[in-house]
Amino acid sequence: MRLATWNVNSLRARADRVVAWLERSDVDVVALQETKCKDEQVPRERFERLGYEVAHAGHSQWNGVAILSRVGLADVTVGFPGMPGWGDPVAPEARALGATCGGVRVWSLYVPNGRTLDDPHLAYKLDWLARLRDAGAGWLAAEPDAQVALVGDWNIAPQDDDVWDMSVFATSTHVSPPERAAFAAVVDAGFTDVVRPHAPGPGVYTYWDYTQLRFPRREGMRIDFVLGSPALAARVTGARIDREERKGKGASDHAPVIVDLA
């Protein structure tokens with residue numbers, strides 16, 4: 001089974017690229033983030049023609065998560081238990097979607113961006129991650145052999161090697177100690193970064209800003225991850241970041257991350 005995650009930065013704007021990538025990547029399941037569309041706006045027929053079932057959660061031109069699977073799509077769940085909301089009035093955002101695909105419980109996650117170190121959105125981000133950690137720990141406590149994949153755009157660079165220049169981010173989010181501690185707490189709950197052993201850094205990134213020629217200058221960040229439960233991590237035979245997909249006209253600012261399972 002081949003599993004992938006990809007922040008597509010608008011599913012409608014990049015539908016052609018997603019279809020072309022699916023045709024050549026041979027992935028069985030792909031979790032998408034930042035789809036930026038409502039459920040009725042998803043071009044699901046194009047994916048269904050390729051043999052994929054489609055689940056999506058989206059409310060507007062912001063956020064949005066999806067799972068495409070050609071190995072089954074069951075028990076679709078929008079949001080994880082205890083997931084906090086945002087806004088006035090406070091409401092859940094379209095940031096988490098779970099489904100069972102080929103025996104694996106896949107969660108497509110779009111972790112909130114902390115914005116700035118003094119922004120209330122950072123507190124929301126940390127609370128969101130803490131609730132995710134609690135939910136994940138609960139799943140493993142209830143079923144230690146469960147195959148669970150927490151995948152997506154985490155908006156955190158957990159190690160110094162995961163940014164092109166730490167001095168640039170010294171007073172920014174994504175690398176702050178509280179954010180890194182929140183990421184580490186999910187790992188400590190029993191979930192392993194299954195990609196890093198197969199694609200170690202430094203200089204290995206999943207995101208490059210559109211501005212200032214960041215991509216050709218190789219000035220990126222590693223913020224997209226696949227975290228696997230022990231049973232899932234034991235099945236991983238390889239992993240890679242498809243940097244080539246970041247090239248060319250109309251590319252997302254993120255690259256797909258791919259994991260192969262025995």
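## An enclosed strand

Six of the six residues of strand S8 (residues 148–153) are buried, so the strand is largely enclosed by the rest of the structure. Buried means under 20% relative accessible area, exposed means over 50%, and partly exposed lies in between (1.4 Å probe, protein chains only). Strands are DSSP runs of E with at least two residues, helices are runs of H or I with at least four, and both are numbered from the N terminus.

This is a predicted model: local features need pLDDT of at least 70, side-chain atom pairs count only at pLDDT 80 or more, and totals for chains, interfaces and linings use all residues. Residues are numbered from 1 along each chain as its sequence is written, and side-chain values use heavy atoms, with hydrogens and water left out.

## The neighbours of S8

Strand S7 (residues 104–110) runs parallel to S8, and six bridges join them. Two strands pair if DSSP finds at least two bridges between them. Across this pairing, Arg105 stands opposite Val148 in S8.

Strand S10 (residues 224–228) runs antiparallel to S8. Five bridges join these two strands. Here Gly152 has Phe225 in S10 as its bridge partner.

S7, helix H3 (residues 120–142) and S8 also make a right-handed β-α-β unit. Right-handed means that, with the strands pointing away from the viewer, the path from the first strand over the helix to the second runs clockwise.

Arg14 sits in the loop between strand S1 (2–7) and helix H1 (15–25). Arg14 is buried, yet has no salt bridge. Its nearest side chain of opposite charge is Asp253, 6.3 Å away. Lys and Arg count as positive, Asp and Glu as negative; His and the chain ends are not counted. Leaving aside residues up to four places away in sequence, Arg14 touches Val8, Asn9, Tyr210, Gly250, Ala251 and Ser252. Contact means heavy atoms within 4.5 Å.

H1 has buried residues of its own: Ala15, Arg17, Val18, Val19, Trp21, Leu22 and Ser25. They pack against S1, strand S2 (29–33), helix H2 (44–48), strand S4 (65–69) and strand S12 (257–261). Just after H1, Asp26 takes a positive phi of about 60 degrees.

## Salt bridges

Side chains of opposite charge can pair when their charged atoms come close. A salt bridge is a side-chain nitrogen of Lys or Arg within 4 Å of a carboxyl oxygen of Asp or Glu. By this rule the count comes to 17 salt bridges. One of them joins Arg70 and Asp26, at 2.5 Å from N to O. Arg70 lies in the loop between S4 and strand S5 (74–78), and Asp26 in the loop between H1 and S2, so the pair ties together parts that are 44 residues apart in sequence. Arg70 is partly exposed, with a relative accessible area of 34%. Asp26 is partly exposed too, at 44%.

Lys36 forms a salt bridge with Glu34, their closest N and O atoms being 3.7 Å apart. Lys36 is partly exposed, at 23% relative accessible area, whereas Glu34 is buried, at 14%. Within helix H3, Arg131 and Asp127 lie four residues apart, about one turn of the helix. They form a salt bridge, with the closest N and O atoms 3.2 Å apart. Arg131 is partly exposed, at 34% relative accessible area; Asp127 is partly exposed, at 29%. Finally, a network of salt bridges links Arg17, Arg24 and Glu245.
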